[in-house]
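Subject: The model, and some notes on its helices

Hi,

Here is the structure I promised to send over. Have a look at it first, and then read on for my notes.

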Amino acid sequence: MENSTEIVSFVLTRYVDIGNLVYLYFPLALLLYVSVISANTVLVVIIYLDRKLHEPMYLFLCCLSVNQIYGNTSLMPCLMVQMLSETHEISKVYCFIQIFVLHTYCTVEFGTLTVMAYDRYVCICQPLHYNSKITTRKVKIAIFIIWTATFVEIGFLLSFTVRLKFCGNRIRKVFCDNQPVAELSCSPDRTMSYLHDLFFGLTLSFVALCFIMFTYGKILAVCLKGSTETKLKAFETCSPHFISIMSFVFMGFYNLISQRFNMTFVPFELRVVLSVYGIIIHPLMSPIIYGLQLSKIRNTFIKFMLSCKM
């Protein structure tokens, strides 16, 4: 067993020797990273340039895009470096930074999607009160609270992991995560690990999911009784949001159970892909879905592209 004072770096053990396939996987990873940055940047620029899109829902979309760039950047450069590395080591400092960024990314993402559910509920179920209940100022305050509270909460919980003494340095993932790192502690006490799961897995996630289910239950009830126009409006504005929620919940659920249960029955390659799904695939899928589904963004994007050609 290693002396805890000698642990200055961790080893990410889920990277395997892929030989010449690195010349395929590295450009693919770079392409995915550039695509995520480009797609989300384009969405933010489109909303910024068109004053007609300076509305509450589109401010939430900007928040999601900025957050997805933030979260994706915490993983992809590191992942590409590790592909070319022979030791797959990551410094302890960078490891903790990565944990902080990934957890804040996930919390901000889910918090924003939850508040967006209320936005959609008011828009569909209480359209006459929408402009008074959902204002630009209120949205900006909500976004500020989500980001500030998240940074404080994650910083507080991570401070306990940072102070741990470690008797091992092998992390069974392709990136740093709080639970696998905490398991390397010399102390058998897992109180903070359980507190982390209780706070995120049960309290925040359960309450948020119940609220989202409530809002969509109300939206469904209104659509069943409403006109064709109401149903089309609900489908256009709610379907990309609902898909984003399901995608993110799937990612969170898989990561939660994969850290607690033996998942060896799942093929190794699929386990690796699923573990990074919410950090790579979700940030790429989200702006594309919103861009294709929301007519205002789609039309503005077409006008923008046509003006660039002239």
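What is the handedness of the crossing of α3 and α8? It is left-handed, where left-handed means that the near helix is turned anticlockwise from the far one by less than a right angle, and right-handed means clockwise.

Before I go on, some ground rules. This is a predicted model, in which local features need pLDDT of at least 70 and side-chain atom pairs count only at pLDDT 80 or more, while totals for chains, interfaces and linings use all residues. Residues are numbered from 1 along each chain as its sequence is written, and side-chain values use heavy atoms, with hydrogens and water left out. Helices (H or I, at least four residues) and strands (E, at least two) are DSSP runs, numbered from the N terminus.

**α3 and α8**

Two packed helices are described by the angle between their axes and the distance between the axes. For α3 (residues 92–125) and α8 (residues 228–260), the axes come within 10 Å and cross at roughly 160°. The axes are lines fitted to C-alpha atoms, for helices over the stretch in contact, and angles run from 0 to 180 degrees between N-to-C directions. The crossing angle makes α3 roughly antiparallel to α8; the classes are roughly parallel under 35 degrees, roughly antiparallel over 145, roughly perpendicular from 65 to 115, and oblique for the rest.

The residues of α3 that meet α8 include Tyr-105, Cys-106, Glu-109, Phe-110 and Arg-120, and on the α8 side Lys-233, His-241, Ser-244 and Phe-248 are among them. Contact here means heavy atoms within 4.5 Å. By class, this contact has 14 nonpolar, four polar and three charged residues. Ala, Val, Leu, Ile, Met, Phe, Trp, Tyr, Cys and Pro count as nonpolar, Asp, Glu, Lys and Arg as charged, and the others, Gly among them, as polar.

Glu-109, in α3, counts as buried at 1% relative accessibility; buried means under 20% relative accessible area, exposed over 50%, and partly exposed in between (1.4 Å probe, protein chains only). Leaving aside residues up to four places away in sequence, Glu-109 touches Leu-64, Asn-67, Gln-68, Phe-248 and His-282. Gly-252 lies in α8 and is partly exposed, with a relative accessible area of 35%. Its C-alpha is 8.5 Å from that of Cys-106, although Gly-252 and Cys-106 are 146 residues apart in sequence.

**α10 and its kink**

Helix α10 (residues 277–293) has a kink of about 25°, centred on Pro-283. The bend at a residue is the angle between axes fitted to the seven residues ending there and the seven starting there. Twelve of the 17 residues of α10 are buried, so this helix is largely enclosed by the rest of the structure. Pro-283 is one of the buried residues, and Tyr-277, His-282 and Tyr-290 are also among them.

The axes of α2 and α10 come within 9 Å and cross at roughly 150°, which makes α2 roughly antiparallel to α10. The crossing is left-handed. In the contact, residues of α2 including Leu-61, Gln-68, Asn-72 and Leu-79 meet residues of α10 including Ile-279, Pro-283, Ser-286 and Tyr-290. The contact of α2 with α10 divides into ten nonpolar, five polar and no charged residues.

Ser-286, in α10, counts as buried at 2% relative accessibility. Ser-286 touches Gln-68 and Ser-244, again not counting residues up to four places away in sequence.

**α2 and α5**

α2 also packs with α5 (residues 136–162), at an angle of about 25° and with the axes 9 Å apart. The two helices are therefore roughly parallel to each other, and their crossing is right-handed. Among the contact residues are Phe-60, Asn-67 and Tyr-70 of α2 and Lys-140, Trp-147 and Phe-151 of α5. The contact of α2 with α5 divides into nine nonpolar, two polar and one charged.

**A backbone detail**

His-88 has a positive phi of about 60° although it is not a glycine. His-88 sits in the loop between α2 (56–84) and β2 (89–91), and is buried, with a relative accessible area of 12%.

Best wishes
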